[in-house]
Amino acid sequence: MRQFAELVKTVAQSTKTLEKQAAIARYFQTAPADDKLWTLALFTGRRIRRVVNSTKMHEWCAEVANIPLWLFEESYHSVGDLGETIALILPESANRSERSLSAWMALLQSIDKQDEPTKKAVILQAWNELGTDERFVFNKLIGGQFRIGVSQALMVNALAKAHQLDPQALAHRISGNWTPGSVTYDELLNGDHIQTDASKPYPFYLAYALESNLDDLGAADAWQVEWKWDGIRGQLICRNKEIFLWSRGEELMTEKFPEYQVLQPVLPDGVVLDGEILPAALTDHSFKPLTFNVLQTRIGRKNVTKKQLQEAPVVFVAYDLLEWRGEDIRQRPMAERRLLLEELVIQVNTPVLILSPEVIFKTWADLDALRGQARDMGSEGFMLKRKDSIYQAGRRRGDWWKWKIAPMTIDCVLVAAQKGHGRRANIYTDYTFAVRNADGQFVTFTKAYSGLTDKEFLDVDAWIKRHILERFGPVRTVKPELVFEIAFEGIAASKRHKSGVALRFPRMLRWRKDKTAEDINTLEDLQILLQQYGGAVGA
């Protein structure tokens, strides 16, 4: 456990990708095999069950440290992270344990179904045997909240470096529906489990945002362009006469979207489609995209009702064909894969499977002109793909680009704030914003916590501390004076918000020091945007 905690600390504190990669590679060269398997599972985002709820962790820590609960809560609000708060408050351990990561995980799994007194005894004993850094990690594991800033690509490259393996092949081997209890470390790295896992997806190919001029891409006819939709990227798999659906985050979502089961009898066996799970209204094999908010009503639900199926219908917009009749065809040129995909969609002939439409253009100037139509179509912009490109793994530059339309913006005033988490736990970085209604009163409509520089956050934090009006738990209301321009990706009607609207991906575009609260937008301005684009999504 000590070696794993040291790795977590190194990765969390480092800001250099190569430094993180080197630390992970060293760990996988020296750690025990069972620990490496659990580390790989945790670093690639595989979820673990929560053993104890956070309320009990609060209570037990305050009891062991012999402090009142209110003092623990104040400390928690100041630190901003529960696992770190507990690790810092608990007294130093007298007897350090040499138990391995895999042994601790086995212990946690063994008490999962036990009663509260049993769990408490085990957790308190563990706290007494672990050092501060190890406790921090252990607390994350107890609460099922272990997260670490390691991308899939970084993990794959580090693992490939440690074992001298091909990164592309390795990315495929460690994807899919495995757990530390279903495969060994060697089996995972060697790919021995692939043939027995019919549900196994391929690593997704991801695009960078286009930052250069279109002319820099070369001849326009060398590129295929498609509309960029705002749904959930997914892989639809048909193997052994079964349908499987994976999200880009490697979540198996088959049961959440039962309408795709109509494809089981019509899709050829050994087919893997890359595409978008898109909320859409169907009319004669054409579709009209609905807002992402519609899809959110189904996210997180394992079993959907008939009413939800009717109110939030989905289609699968197919972008690419990765496997055809059991053969991995990712190395074939995209133009060839596209022809096979077109034939497949025509053959299947069902409204739930739609071919991603190509955007027809002759010159880059034509495409630039068409980009203005994206929002009206419910699209986020364009995907540009070189026709001779292979389907790679992870985020790559050169062959695929996403070219998004400009976001919607609104000027608003800061009315409340609370402290952030992690390295921002001691400064106010989580802000609530308001616009004015017809009576001139402030109406809150969104929160945002990103978009400013570190210096700007510090300046706003200092201002907030001088202008606090009221305190509500961790929230502080402030004088409505600071004006910000908020950018957002889409807007939809919402019964849960006082303003009646919900924004998609709001963030602070800039601090408008040139404006006062008298200059901000109104609730009517938001409602106009809602009327124009409430059935579509923005950039």
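Trainee: Is Lys-120 buried, exposed or partly exposed?
Mentor: Lys-120 is partly exposed in this predicted model.

Trainee: Which residue does the Lys-120 side chain meet in a salt bridge?
Mentor: Glu-63, at 3.0 Å from N to O. Glu-63 sits in helix 4 (residues 54-65) and Lys-120 in helix 8 (residues 116-129), so the pair links distant parts of the chain, 57 residues apart.

Trainee: And what is the relative accessible area of Glu-63?
Mentor: For Glu-63 the value is 49%, which also makes that residue partly exposed.

Trainee: Switching topic. Where is the Arg-512 partner, Glu-485?
Mentor: Glu-485 is in strand 17 (residues 483-488), while Arg-512 is in the loop between strand 20 (507-511) and helix 18 (523-533). The two are 27 residues apart, and their salt bridge is 3.8 Å, N to O.

Trainee: Buried or exposed, that Arg-512?
Mentor: Buried, at 10% relative accessible area. Glu-485 is buried as well, at 8%.

Trainee: What about Arg-332 and Glu-327, how long is the N to O distance there?
Mentor: That salt bridge is 3.1 Å. Arg-332 is partly exposed at 23% relative accessibility, and Glu-327 is partly exposed at 40%.

Trainee: Which residues are linked in a network of salt bridges?
Mentor: Arg-2, Arg-96, Glu-98 and Glu-134.

Trainee: Last one. How many salt bridges are there in the whole structure?
Mentor: The search finds 36.

Terms used:
Residues are numbered from 1 along each chain as its sequence is written. This is a predicted model: local features need pLDDT of at least 70, side-chain atom pairs count only at pLDDT 80 or more; totals for chains, interfaces and linings use all residues. Side-chain values use heavy atoms; hydrogens and water are left out. A salt bridge is a side-chain nitrogen of Lys or Arg within 4 Å of a carboxyl oxygen of Asp or Glu. Helices (H or I, at least four residues) and strands (E, at least two) are DSSP runs, numbered from the N terminus. Buried means under 20% relative accessible area, exposed over 50%, partly exposed in between (1.4 Å probe, protein chains only).
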